Amino acid sequence: MNDLVAIARIIRPRGLKGETIADLLTDFPERFDALESVSAVLPDGQHRNLVLEKHWFQNGRVVLKFEGIDSPESAETIRNAEICISESEVAELAEDEFFDWELAGCEVRSVDGEAIGTVKELMRTGGTEILVIEGTTKEYLIPFATSICIEVDVKKKLIVVDPPEGLLEF
């Protein structure tokens with residue numbers, strides 16, 4: 001089975017017809033236009049296949065209406081679920097662009113081969129994204145810039161960094 005990629009997270013039911021309000025977890029909201037079926041991963045880990053009846057955007061979020069979910073009570077059963085698609089359905093990115101989930105878990109090494117840690121997450125600050133690296137004794141924040149992250153190989157789960165002096169010291 002293909003790995004799943006979350007594109008939205010259900011926040012709460014909306015209205016009387018089973019609609020739900022969801023936070024977007026994708027940089028490609030237009031993908032909802034072509035979606036028919038999705039997988040809902042519930043907070044307890046259960047998976048549920050859902051058919052998307054309709055959607056619309058409202059105040060930076062997406063409103064989702066699924067087939068067979070026709071009341072606030074039934075919408076409540078998918079609260080906090082992650083709405084996912086198959087990894088094979090993700091949007092194509094440019095060669096030097098990566099999805100957050102591709103970077104998570106990558107080993108980070110210096111150009112000298114020294115192990116720094118593992119990517120915990122990508123933090124978005126409005127400027128250059130920041131890699132949050134879980135080291136053996138502390139956490140490092142490394143700008144995800146091509147001048148510092150000189151090699152990114154998500155297939156090998158490896159990022160080689162050439163940090164400026166002082167970046168890895170506190």
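The largest nonpolar core of this predicted model has 20 residues, and those with the most contacts inside it are Ile10, Phe32, Leu50, Leu64, Phe66, Ile78 and Ile83. A nonpolar core is here a set of buried Ala, Val, Leu, Ile, Met, Phe, Trp, Tyr and Cys residues joined through side-chain atoms within 4.5 Å, where buried means under 20% relative accessible area with a 1.4 Å probe and protein chains only. Two or more residues of this core come from each of strand S1 (4-14), strand S3 (37-41), strand S4 (47-58), strand S5 (61-66) and strand S6 (82-86); strands are DSSP runs of E with at least two residues, numbered from the N terminus. Apart from this core lies another, of 16 residues, among them Cys106, Val108, Ile148 and Val154.

Basis of the description
- Because the model is predicted, local features need pLDDT of at least 70 and side-chain atom pairs count only at pLDDT 80 or more, whereas totals for chains, interfaces and linings use all residues.
- Residues are numbered from 1 along each chain as its sequence is written, and side-chain values use heavy atoms, with hydrogens and water left out.

Isoleucine 83 and lysine 65
- Isoleucine 83 touches Val5, Ala6, Ile7, Ala8, Ile10, Val38, Ser39, Ala40, Leu50, Leu64 and Phe66, when residues up to four places away in sequence are not counted; contact means heavy atoms within 4.5 Å.
- Lysine 65, placed in strand S5, is buried with a relative accessible area of 4%.
- Leaving aside neighbours within four places in sequence, lysine 65 is in contact with Lys17, Gly18, Glu19, Val51, Leu52, Glu53, Lys54 and Asp70.
- A polar atom of the lysine 65 side chain lies 2.7 Å from the backbone oxygen of isoleucine 69.

The six-stranded open sheet
- Six strands in the order S10-S9-S8-S7-S12-S11 form an open sheet of mixed pairing, two strands being paired if DSSP finds at least two bridges between them.
- Strand S10 (139-143) and strand S11 (149-153) are the edge strands, each pairing on one side only.
- Strand S7 (residues 107-110) runs parallel to strand S12 (residues 158-161), joined by four bridges, and serine 110 stands opposite valine 161 in S12.
- S7 and strand S8 (residues 115-123) pair in the antiparallel sense over three bridges, with valine 108 having glycine 117 in S8 as its bridge partner.
- S8 and strand S9 (residues 130-134) run antiparallel and are joined by five bridges, methionine 123 being partnered by isoleucine 130 in S9.

Hairpins
- The hairpin of S7 and S8 has four residues between the strands, and glycine 113 in this hairpin takes a positive phi near 90°.
- The hairpin of S8 and S9 has six residues between the strands, and there glycine 126 takes a positive phi near 95°.

Technical notes
Buried means under 20% relative accessible area, exposed over 50%, partly exposed in between (1.4 Å probe, protein chains only). A polar contact is a pair of N or O atoms within 3.5 Å; within protein, one must be able to donate a hydrogen and the other to accept it, and residues adjacent in sequence count only if both atoms are side-chain atoms.
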